[in-house]
Amino acid sequence: GMGTQNTLVEDNLIEWVGWQDAERAWEAAGVKFHFARNMLFRRNVVRHIRHANALWMDSGNSNTRITGNVFADVMTVSAAIHMEMNVANNQIDNNIIWDIRNAEPGTPGQRGAGGSGVFLHASDRQTVADNLIGRCDNVGVFPVFRADRNGSGTGSEHKIYNNIVARCDKGGIIFIREQNEADGNAYVGLPERFQGFFVTDPPQWLDLASWRTHGWDKQGSIVNLEISLDPDRLELTMSGQDALQKVPVFNHIDSDFFGQSTGESRIPGPFNELGSTRTKSIDPRRFRSAE
């Protein structure tokens, strides 16, 4: 999409994209937009992606919301969701991002982001809230600054709230500026020093207590959960959810992945509750709230 305005993209299945292995031509994705304005991308399944991003919002996108989607089984030199050179507000919320692998094992991938959940590439003011981001080769949220790109963002004013980041090999969140916000996130099965503070050289990896000294994740937590996802059957198995403590709703995101109202507080992640069954269908095309 080029210069797309006032657009709804919903209820699609997008899979097995990128098999040509042309990712380093820098246009490969299951879905890619430039300069999208006022776009809602919801209830889509993007899975089994090879040598491509699942969703790439490239340059000058504004007022886009990416919500209620499943991005699963993605092999890429960057990330499942790639936000590049966006300085206006966009929001990624209530999504499931699972099993993201670096397409070039043993290398850092694109500017160090290979195998991350969300790549905030030369961007500012992006919101990442109430998502489940897990089983990534790299980290949940990875920002970079590009001094060589005129008009690009500096990695500032990002807002990372109320996510579950689980079983990512290198860590949870990286910040490259102090001027960012994070709170209410729940961390599962990560290294002891799992938060990246890449302001200094060499960059620092911090434990949760050190991360909090910067004002981040005062209500964040480390919890024990068992989580697995079948991308073909679109079934999520999750246990131990009782360990999650409710946090205040952020930015009026008061309905969950299934369209259920959460009230003024909710547990981290995309689900208000999973109910008594451990295994749940997560095909978002089946769930429609009263719109």
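Analyst: What follows goes through the sheets, the cysteines, the cores and the aromatic rings. This is a predicted model, in which local features need pLDDT of at least 70 and side-chain atom pairs count only at pLDDT 80 or more, while totals for chains, interfaces and linings use all residues. Residues are numbered from 1 along each chain as its sequence is written, and side-chain values use heavy atoms, with hydrogens and water left out.

User: OK, what is the order of the strands in the open sheet of eight?

Analyst: The order is β3-β6-β9-β12-β15-β18-β21-β22, with mixed pairing. Strands here are DSSP runs of E with at least two residues, and helices are runs of H or I with at least four, numbered from the N terminus. Two strands pair if DSSP finds at least two bridges between them.

User: Which strands stand at the edges?

Analyst: β3 (29–33) and β22 (204–206) do; each has a single partner strand, so one side of each is left without a neighbour in the sheet.

User: What does β3 pair with?

Analyst: β3 pairs with β6 (residues 53–58) in the parallel sense, over four bridges. In that pairing A29 stands opposite N53.

User: And β12, buried or exposed?

Analyst: β12 (residues 116–121) is mostly covered, with six of its six residues buried. Buried means under 20% relative accessible area, exposed over 50%, and partly exposed in between, with a 1.4 Å probe and protein chains only. β9 (residues 79–84) runs parallel to β12 and is joined to it by five bridges, with I81 opposite V118. Four bridges join β12 to β15 (residues 139–144), also in parallel, and there V118 stands opposite V141.

User: What about β7, what does it pair with?

Analyst: β7 (residues 62–67) pairs in the parallel sense with β4 (residues 37–42) over five bridges, and R65 is the bridge partner of L40. β7 also pairs in the parallel sense with β10 (residues 90–93), over three bridges; I66 stands opposite I92 there.

User: Switching topic. How many disulfides?

Analyst: The count comes to zero, a disulfide being a pair of cysteine sulfur atoms within 2.5 Å.

User: Packing next. Which residues have the most contacts inside the largest nonpolar core?

Analyst: F41, I66, F71 and W211, in a core of 43 residues. A nonpolar core is a set of buried Ala, Val, Leu, Ile, Met, Phe, Trp, Tyr and Cys residues joined through side-chain atoms within 4.5 Å.

User: What is F41 in contact with?

Analyst: Leaving aside its neighbours within four places in sequence, F41 is in contact with residues including V9, V31, L55, I66 and F71. Contact means heavy atoms within 4.5 Å.

User: Last one: how many aromatic pairs?

Analyst: The count is 12. Rings of Phe, Tyr and Trp (its six-membered ring) pair if their centres lie within 6.5 Å; planes under 30 degrees apart count as stacked, over 60 as edge-to-face and the rest as tilted. F175 and W211 form a stacked pair, 5.3 Å centre to centre with 20° between the planes.

User: Where do F175 and W211 sit?

Analyst: F175 is in β18 (residues 171–175) and W211 in helix α1 (residues 208–212), 36 residues apart. F175 is buried at 2% relative accessibility, and W211 is buried at 0%. F175, F197, W211 and W216 form one aromatic cluster.
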